[in-house]
Structures are given as C-alpha cells and as structure tokens.
Amino acid sequence: MKLIPYSTEVFEAMYKWQSDDETRKSMGGLSVPMREDELLFAHQQFLNGNNAVLGVSTEEGTIIGCFMMDSISSRHKRMNVHIVFDKEHLRHVKEGVTLFFNFVFNEQNIDWIHCYLGDSQKKSINLVEELGFIKRCTIPDYFNFSDGACSAHLYSLNKLRRKDL
C-alpha cells in the first residue's frame with residue numbers, strides 16, 4: 001500500500017464513493033450525491049486553497065481510500081483531515097493512516113491534525129479515538145445532510161500522542 005498524489009484515478013474513486021450516504025458524509029460533509037461535473041468543479045475549487053488530497057493505493061494500483069486535507073497551515077503546523085475509505089477495503093484503514101501520519105508528521109512537519117465528525121459517523125469516531133485523537137468540543141447543527149442537521153464533534157491529535165494500530 002502507498003500514498004499517491006491526487007489524480008484522475010483518485011477523483012474517479014471519490015466520485016464512486018460519494019454515491020454511498022455513509023461514505024459521502026466522511027468526504028467533508030457532502031449533503032447529497034453530486035453529478036460528476038459538479039463534484040469535479042467542487043474539487044477543483046477545493047484544491048485551489050490550502051487544501052490537498054492524497055490517495056491510498058494498493059501495489060496493484062487500486063485506489064482504496066484518500067485523505068482530504070484542508071486548512072493546511074505550515075506556519076502553525078496544523079491541518080484538518082477527512083479520512084475516506086472504500087467500504088470493501090476498510091481492513092486497510094489502519095495501515096493507510098499509519099502511512100499518512102508518517103507523511104504529515106515526519107515529512108510535512110505538521111504538529112496537529114484536526115477533524116470534524118458528525119453524530120452519525122460512529123465508525124469514524126471510534127477510529128479517531130483509537131488513534132489517540134482527543135474530543136475538544138461539540139458544535140450543534142454543524143452539518144446539514146439530506147436527512148437533517150447534525151452536530152459535529154471536533155477532534156484533534158498532536159504528533160506526540162499518535163497511536164499506530
């Protein structure tokens with residue numbers, strides 16, 4: 001398994017994943033599935049700021065996950081992340097996260113990772129807690145999904161408290 005830069009193949013996998021309600025909510029709180037051109041435009045806009053996407057690929061080249069990073073601040077050594085994996089490849093999440101931590105903490109000199117998770121994202125909440133993230137606060141009605149508004153829980157992880165699984 002390896003991390004790869006954002007590419008057409010990574011986008012195509014993300015487009016496929018956004019058709020699943022649960023996975024789509026991990027993609028930055030997307031409310032409803034988007035047409036391919038809409039999602040492509042949204043990602044082009046997303047990637048214009050202090051944002052990036054890293055794909056996770058098997059050695060054979062299958063895209064199985066990605067890390068959507070936003071609000072990347074080199075000066076303050078922090079960033080936000082959305083962890084998105086294909087449901088068929090959830091067994092690889094821990095290995096992918098270890099690669100990601102090594103990249104951002106060791107190679108990119110990031111000290112803090114933050115993530116916002118909705119109430120319904122129980123699996124993601126369990127994962128980040130298992131990885132050592134600390135819940136900092138709850139923000140009411142932060143996400144507006146097609147099935148209604150929900151609170152977001154802000155989690156953060158300092159590189160000195162990371163846990164590899």
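I count two strands as paired if DSSP finds at least two bridges between them. Helices (H or I, at least four residues) and strands (E, at least two) are DSSP runs, numbered from the N terminus.

Before the entries, a note on the source: this is a predicted model, where local features need pLDDT of at least 70 and side-chain atom pairs count only at pLDDT 80 or more, while totals for chains, interfaces and linings use all residues. Residues are numbered from 1 along each chain as its sequence is written, and side-chain values use heavy atoms, with hydrogens and water left out.

**Entry 1: strand 2 and its partners**

I looked up strand 2 and found six bridges joining it to strand 3, the two running antiparallel. Val-53 has Met-68 of strand 3 as its bridge partner. The two strands make a hairpin with five residues between them, and Gly-61 in the turn shows a positive phi of about 100 degrees. I also checked strand 1, which pairs with strand 2 in the antiparallel sense over four bridges; there Leu-3 is bridged to Val-56.

Is strand 2 enclosed or open? Five of its six residues are buried, so strand 2 is largely enclosed by the rest of the structure. Buried here means under 20% relative accessible area, exposed over 50%, and partly exposed in between (1.4 Å probe, protein chains only).

**Entry 2: strand 4**

Strand 4 (residues 78–85) has seven of its eight residues buried, so the rest of the structure largely encloses it. I traced seven bridges between strand 3 (residues 63–73) and strand 4, in the antiparallel sense, with Asp-70 partnered by Asn-80. Their hairpin has four residues between the strands, and Lys-77 takes a positive phi near 60 degrees.

With strand 5 (residues 112–118), strand 4 pairs in the parallel sense over three bridges, and Asn-80 has His-114 as its bridge partner there. Between strand 4 and strand 5 the chain passes through helix 4 (residues 93–107), and this β-α-β crossover is right-handed. That means that, with the strands pointing away from me, the path from the first strand over the helix to the second runs clockwise.

**Entry 3: helix 1**

I listed the buried residues of helix 1 (residues 8–17): Val-10, Phe-11, Ala-13, Met-14 and Trp-17. Seen down the axis, they fall within an arc of 160 degrees, so they line one face of the helix; the arc is that of the directions from the helix axis to the C-beta atoms. Turned away from that side are the exposed Thr-8 and Lys-16.

**Entry 4: cores**

A nonpolar core is a set of buried Ala, Val, Leu, Ile, Met, Phe, Trp, Tyr and Cys residues joined through side-chain atoms within 4.5 Å. The largest one has 27 residues, and Phe-67, Val-81 and Phe-100 are among those with the most contacts inside it. Helix 4 gives the largest share of this core, six residues.

**Entry 5: two single residues**

Which side chain does the side chain of Arg-162 make a polar contact with? Asn-102, at 2.9 Å. A polar contact is a pair of N or O atoms within 3.5 Å; within protein, one must be able to donate a hydrogen and the other to accept it, and residues adjacent in sequence count only if both atoms are side-chain atoms. Arg-162 sits in the segment after strand 7.

Ser-151 is in strand 7 and is buried, with a relative accessible area of 17%.
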